[in-house]
Amino acid sequence: MTDARAPRLRPALVAVAGAALLTLALVMLIDQLVFFPDRTMPPPPDGIEERWITTEDGVRLHAWWATPPAPVATLVWSHGNGGNIAGRVEVQQALVDAGLAVLAYDYRGYGKSTGRPSEAGVHLDALAAYDSVRSAGVPAERVIAFGESLGGAVAIRLAAERPCGGVVVVSTFPRIADVARLHYGPLAALAGNRFDVRSHVRRLTAPILIAHGDRDEIVPYALGEVLFALAPEPKRFLRVEGAHHNDVFAAPELIEAIADFARHLQ
């Protein structure tokens, strides 16, 4: 006997498949608006060691490690959404000169790292980078989750899930939708709750330093103030006067503030 209901299933299956494809296309579009990886990677400068880290899901991450003889703390550095670790090598060297060890790693899909970036993926990347320094013998209380811009959101979530001595974020937002609204207008709705760290920052138990340039044209200074208001004590805020989004590390007081924060960890 022929089932009269069978022909009705075909339109339903087509609709389901179409919705799945649309969802996938939207996810890919959002990722293209969030992540801007650069695959070009020069050799590391003198004093910087190349490292490879394998994530829980099998992605191989490329990292640069640098340390002074007796570091006061170790930074696990999650960079911004564009470029790769080579773009901030002078900052890495300045932090080392200030007495800090720095593991700067590239997210999946950036530099020499394999894979494709996504919010879930870069979180796994941060966990793997953290676990690598802990496995190397760095005690949790001497690890600082450090992030710039989008990387600050990554660092905050990391510190909410792994024990750290401190958290340092620069030019970071409470949620990416707030930033997207300024630059993409109605398309910001597609961001949904991506990189929303409001709940994560409230759960921090480690001290946090939040720094923000007061002329930041990408992530407005006011968003840094909102993030600071959400963070529990103990916390510090540094207003970097005259600094924009991409030149904030040119301010000597920022490097010194990070080093001072590290020196005063309990």
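Which residue forms a salt bridge with Asp-260, the closest N and O atoms being 3.9 Å apart? That's Arg-263, where a salt bridge is a side-chain nitrogen of Lys or Arg within 4 Å of a carboxyl oxygen of Asp or Glu. This is a predicted model, where local features need pLDDT of at least 70, side-chain atom pairs count only at pLDDT 80 or more, and totals for chains, interfaces and linings use all residues. Residues are numbered from 1 along each chain as its sequence is written, and side-chain values use heavy atoms, leaving out hydrogens and water.

Arg-263 and Asp-260 sit 3 residues apart in helix α8, about one turn of the helix. (Helices, H or I of at least four residues, and strands, E of at least two, are DSSP runs numbered from the N terminus.) Asp-260 also meets Arg-236 in a salt bridge, 2.9 Å from N to O. Asp-260 belongs to α8 (residues 252-263) and Arg-236 to strand β10 (residues 235-240), so this pair ties together parts 24 residues apart in sequence.

After α3 comes Gly-137, with a positive phi near 105°.

As for confidence, pLDDT (the predictor's confidence in each residue, from 0 to 100) averages 90 for the protein, yet stays under 50 over residues 17-27. Where pLDDT is low, the predicted coordinates should not be read in detail.

Notes
Contact means heavy atoms within 4.5 Å.
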